[in-house]
Amino acid sequence: EPSLQAAFVEIGTDRNGFLPFDEIHPEYYREDVDERCRQLIADHQWRKLKIEQVMKKGQEVLVQVVKEATGNKGANMTTYLSIPGRYLVLMPGSDSAGISKKIAGEEKRFELRELMNSFAIPEGIGYIIRTASVEITKTALQKDLRYLLKLWEEIKKKGQELEAPALVYEDQDIVVRFLRDHFVPEIEEILVDTEESYEQVMQFVELLPSRQHEIKVKLHKGPRPIFNLHNVEEQIESIYKPQVQLPSGGSIVISPTEALVAIDVNSGRTSKDSNFEESIFLANMEAAAELARQLRLRDLGGLIVVDFIDMRSQKHIREVEKQVKQSLKRDKAKTDTSTISRFGLLQISRQKMGAPIEKGSYRMCE
């Protein structure tokens, strides 16, 4: 579609995937391009090219879903593949080598770089070292690399053999995926309620560096369901309600609209205390911590506008802004925050990771 400078990719579902021109790897450009385009490609000046000059209808491409289909938008695609492992993300077709920003200290970063340089990585394959690699041993890193390279070989083979459109590779099931992306050394115990998940968790623990092997894995066998016992169901239920209670009696109300997500902070009974200014500050601080958690749980993205209760003290305003930033640090999605404006509003921009939680669970009654 020249007017959008993007391609629609038939992926075998009822809605086509959307592939922007920037996300098309030059290896997919067709051979019979004119002299000017060939020169631009040789000079790596992709930006001066147009999609209709280098791609044609009916071409086969190997694409990866970056963002699932939501509402009436198809899934977003890229041909720059990335295959996540526990300690590394492998990037076939790229020549970049990076280290997670969360790994601090030049010495540590240098050590990890040296480790990676000592492995035989095929040409044209890039990588990113994930945060989980902080205390990694050479053997564990090598194991992860071998596994990912083998996986890439299988994906490539399937991609060449299968009749398009076809599903070439699907991410692992939820237990493995969750552990891979969210496990941190501070976790002391993991509870599971099926034999199958117990096996998967045990296999995962065996792959961890030996000093993390003390972690307890328990199989839950009581009469009450595991979620019910640990009040997880109540928490799941709460993410479908617009209102979330705060510890000291206040609440926040979350209203997603077409353009943005509006979050209102209410002081509730906190304002009846003798020290009015202090209790408002407390409600705002609690709201700042809770709203960051709710954004993660509900996976709300795009523009988020928070209406805090008006505060007079500049010191309090700065503290609340600091609390919002601090609470958003745990988020895997990229976030950006503004300061509190003179109308008491704070803006947050958050990357959308997938479809919002409601989409998969219910339809709104008109």
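Strand E5 is joined by two bridges to strand E6 (residues 88–92), and the two run antiparallel. Two strands are said to pair if DSSP finds at least two bridges between them. Within this pair, Pro 84 stands opposite Val 89 in E6.

The model is predicted, so local features need pLDDT of at least 70 and side-chain atom pairs count only at pLDDT 80 or more, whereas totals for chains, interfaces and linings use all residues. Residues are numbered from 1 along each chain as its sequence is written, and side-chain values use heavy atoms, with hydrogens and water left out.

E5 and E6 belong to an open sheet of four strands in the order E5-E6-E8-E7, with mixed pairing. Its edge strands, each pairing on one side only, are E5 (83–84) and E7 (97–99). Helix H3 (residues 106–117) packs on the sheet and touches E6, E7 and strand E8 (125–129); the direction of H3 makes about 150 degrees with that of E8. Helix H4 (residues 138–161) also packs on the sheet, touching E5, E6 and E8, and its direction makes about 35 degrees with that of E6. Contact means heavy atoms within 4.5 Å. Axes are lines fitted to C-alpha atoms, for helices over the stretch in contact, and angles run from 0 to 180 degrees between N-to-C directions.

In H5, Val 175, Val 176, Leu 179 and Arg 180 meet Ser 197, Gln 200, Val 201 and Phe 204 of H6. Five of the residues in this contact are nonpolar, two polar and one charged.

Two residues illustrate differing accessibility. Ile 254, in strand E12 (residues 251–256), is buried, with a relative accessible area of 4%; buried means under 20%, exposed over 50% and partly exposed in between, for a 1.4 Å probe and protein chains only. Leaving aside residues up to four places away in sequence, Ile 254 touches several residues, including Pro 242, Val 244, Ile 263 and Leu 300. Lys 241, by contrast, lies in the loop between helix H8 (232–238) and strand E11 (243–245) and counts as partly exposed at 45% relative accessibility.

Conventions:
Ala, Val, Leu, Ile, Met, Phe, Trp, Tyr, Cys and Pro count as nonpolar, Asp, Glu, Lys and Arg as charged, and the others, Gly among them, as polar.
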